[in-house]
Amino acid sequence: MKTLLLIFMVVLSTSSASAHDFYFSFAEMEYNDFTQKLELTIVVTTHDFERCLESQGGSIDNIASLSETEIDEIETYINKHFVLSSSDSKVDFKFMGNQVSLEGTTNLYFESKEVELEKNFDVTFDALMETFEDQQNKLTFYYQGRTITSAFTPIEQTQTIQIEKNEE
């Protein structure tokens, strides 16, 4: 009887461990006035991100220890699904590193080249939406002591960020 109960508990826990009712990732981006670069952190559910990359034809063996090819896959994916543009120019981000947590999330760190920040820019943040129809993303942008937060859904994948620059 104990063996049957143990088997039932293991099956129940593994089936509920891989499924969840929501799909959510978030990003924090800050403009560094000293380096004139955008610093970006995207937090994703690790197994969702791995599944999404697999569905795109890529694969990651161990997200805690990435090969150059896997880093290129991640960088390509993020630059396709986190798009910041203004005045018809697009900002590309370079992968700087990652951190995997025991809670099942991964922080992905990126940095742009030097950019001149304009008052208005568009952000498309549709990461994981092609794989998970209920995916929602949130961006928090920090600039000169201000915080701007935007939500992204499959219906509204692009938002315009408007900032007021401090006069020097």
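## The model and its elements

This is a predicted model, in which local features need pLDDT of at least 70 and side-chain atom pairs count only at pLDDT 80 or more, while totals for chains, interfaces and linings use all residues. Residues are numbered from 1 along each chain as its sequence is written, and side-chain values use heavy atoms, with hydrogens and water left out.

The chain holds three helices and 10 strands, where helices (H or I, at least four residues) and strands (E, at least two) are DSSP runs numbered from the N terminus. Read from the N terminus on, the elements run α-β-β-α-α-β-β-β-β-β-β-β-β. Of the 168 residues in the chain, 38% are buried; here buried means under 20% relative accessible area, exposed means over 50%, and partly exposed lies in between (1.4 Å probe, protein chains only).

## Aromatic pairs

A pair of aromatic rings is described by the distance of the centres and the angle of the planes. Rings of Phe, Tyr and Trp (its six-membered ring) pair if their centres lie within 6.5 Å, and planes under 30 degrees apart count as stacked, those over 60 as edge-to-face and the rest as tilted. By this rule the count comes to nine aromatic pairs. In one of them, the ring centres of F49 and Y77 are 5.8 Å apart and the planes stand at 75 degrees, so the pair is edge-to-face. Because F49 lies in helix α2 (residues 46-55) and Y77 in helix α3 (residues 68-81), the pair ties together parts that are 28 residues apart in sequence. F49 is buried, with a relative accessible area of 0%, and Y77 also counts as buried, at 6% relative accessibility.

Another pair joins F82 and F93, whose ring centres are 5.8 Å apart with planes at 75 degrees, so this pair is edge-to-face too. The pair links distant parts of the chain, with F82 in strand β3 (residues 82-86) and F93 in strand β5 (residues 93-100), 11 residues apart, and both F82 and F93 are buried. Elsewhere, ring pairs link Y31, F121, F141 and Y143 into a cluster.

## Charged side chains

Side chains of opposite charge can pair when their charged atoms come close. A salt bridge is a side-chain nitrogen of Lys or Arg within 4 Å of a carboxyl oxygen of Asp or Glu, and a search of the whole structure finds two of them. E111 forms a salt bridge with K37, the closest N and O atoms being 3.7 Å apart. This pair links distant parts of the chain, since E111 is in strand β6 (residues 105-112) and K37 in strand β2 (residues 37-45), 74 residues apart. K37 counts as partly exposed, at 23% relative accessibility. K90 forms a salt bridge with D92, and here the closest N and O atoms are 2.5 Å apart; K90 is partly exposed with a relative accessible area of 39%, and D92 is partly exposed with 46%.

## Residues in loops

Most residues other than glycine have a negative phi, and most peptide bonds are trans. Q36, although not a glycine, has a positive phi of about 60 degrees. The place of Q36 is in the loop between β1 and β2, and Q36 is partly exposed, with a relative accessible area of 39%.

Q144 is likewise a residue other than glycine with a positive phi, near 45 degrees, and Q144 is partly exposed, with a relative accessible area of 25%. Although Q144 and Y31 are 113 residues apart in sequence, they are 8.1 Å apart in space, C-alpha to C-alpha. T153 is found in the loop between β9 and β10 (158-162) and counts as partly exposed at 25% relative accessibility. T153 and D134 are 19 residues apart in sequence and, C-alpha to C-alpha, 8.0 Å apart in space.
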